[in-house]
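Here is a walk through one protein model, meant for someone meeting it for the first time. Have a look at the sequence and the fold, then read on.

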Amino acid sequence: YNCPRLTALRQVDHLDTSQTVSMRSMFESSGVTALDLSSLDTSSVQDMRSMFDTCESLVSLNVSGWDTSHVTDMYMLFSCCESLESLDLSGWNTRRVENMAYLFDECYALAGLNLSGWTTPNVTTMRNMFGDCHALTTIDLSGHWPRRTMIELATEGAGEPVNFERSLDELRAIAKRVGVKVLDEWGKGKLISEIFEETCEDKLVQPIFVTDHPLEISPLAKK
């Protein structure tokens, strides 16, 4: 953070970041012009707020292959990277991200941006996400994402049938076996959802549409 004379970073692969949960402001206001961080282990990171904020000299950045499955905060992640011309963020798992405000704000030179495969079911703010990206002509949001029902995934995760044909006691027993702390007031739909979350949710690295959520956990869904 705030190392304006830092112009190069070598042997990044020597950094062990496997237990790192926050990379907030890690390179903020540094003077680096090119960074290859593709080998950086981000599998435990939850906070990437302002990680590259105000890296005004940064022209080239490789963050391909990052595991962002636990990240919740991307506020100002690339904000004010004024010289950055393109970014390939395809395949990033953004399902848990809640804050994307000012994510690419004032990336004046950014002309190409690949966000294919991104999903944003938990994002609550995208304020000024692309603000003042004057050169931006293309944003790739493409991608063919598989569709699976929650019951299919919960069944695979539990290793036995998980569906509405099972009795309430059977679903409670399955839920307890996989580590869910069961509450007495839960119905079948809630139990199926909890089994899915306990056995599957963290393992869904690639983007996927999970369909047929039980009405019990989707009160606004049409019957």
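## Starting at Ser 30

Let's begin with Ser 30, which sits in the segment before strand E1 (34–36). Helices (H or I, at least four residues) and strands (E, at least two) are DSSP runs, numbered from the N terminus. Ser 30 counts as buried, with a relative accessibility of 6%; buried means under 20% relative accessible area, exposed over 50%, and partly exposed in between, using a 1.4 Å probe and protein chains only.

What does Ser 30 touch once residues up to four places away in sequence are not counted? Its contacts are Cys 3, Pro 4, Leu 6, Thr 54 and Cys 55, where contact means heavy atoms within 4.5 Å. A polar atom of the Ser 30 side chain also lies 2.9 Å from the backbone oxygen of Phe 27.

## The model as a whole

A word on the ground rules: this is a predicted model, in which local features need pLDDT of at least 70 and side-chain atom pairs count only at pLDDT 80 or more, while totals for chains, interfaces and linings use all residues. Residues are numbered from 1 along each chain as its sequence is written, and side-chain values use heavy atoms, with hydrogens and water left out.

The protein has three helices and seven strands, and along the sequence they follow the pattern β-β-β-β-β-β-α-α-α-β. Its C-alpha atoms fill a box of roughly 65 × 40 × 25 Å, taken along the principal axes. Of the 223 residues, 42% are buried. Take the contacts between residues at least 6 apart in sequence: 73% of them join residues at least 24 apart. The protein exposes about 11,800 Å², with carbon and sulfur atoms supplying 48% of that; such areas come from the Shrake-Rupley method with a 1.4 Å probe, and for residues only the protein chains shown count as cover.

## A sheet of three strands

Next comes an open sheet of three strands in the order E3-E4-E5, paired in parallel. Strand E3 (86–88) and E5 stand at the edges with a single partner strand each, so one side of each has no neighbour in the sheet. From one strand to the next, the twist averages 10°; the axes behind it are lines fitted to C-alpha atoms, for helices over the stretch in contact, and angles run from 0 to 180 degrees between N-to-C directions. Strand E4 (residues 112–114) and E5 are joined by three bridges, and two strands pair if DSSP finds at least two bridges between them.

Asp 140 belongs to strand E5 (residues 138–140). Is Asp 140 buried or partly exposed? It is partly exposed, with a relative accessible area of 26%. Neighbours within four places aside, Asp 140 is in contact with Leu 113, Asn 114, Leu 115 and Ser 116.

Helix H1 (residues 150–158) has Met 150, Leu 153, Ala 154 and Ala 158 as its buried residues. They cover an arc of only 125° around the axis, which puts them on the same side of H1; the arc is that of the directions from the helix axis to the C-beta atoms. These buried residues pack against strand E6 (147–149), helix H2 (168–177), helix H3 (188–199) and strand E7 (209–211). After H1 comes Gly 159, with a positive phi near 80°.

In H2, the buried residues are Leu 171, Ile 174 and Ala 175. Their arc is only 100° around the axis, which puts them on the same side of H2. Their cover includes H1 and H3, while the face turned away from the buried side carries the exposed residues Asp 169 and Lys 176. H2 is followed by Gly 179, whose phi is positive, near 105°.

## Two residues with a positive phi

Most residues other than glycine have a negative phi. Ser 50 is not a glycine, yet its phi is positive, about 60°. Ser 50 is in the loop between E1 and strand E2 (60–62) and counts as buried at 8% relative accessibility. Tyr 102, also not a glycine, has a positive phi of about 60° and is found in the loop between E3 and E4.

Notes:
A polar contact is a pair of N or O atoms within 3.5 Å; within protein, one must be able to donate a hydrogen and the other to accept it, and residues adjacent in sequence count only if both atoms are side-chain atoms.
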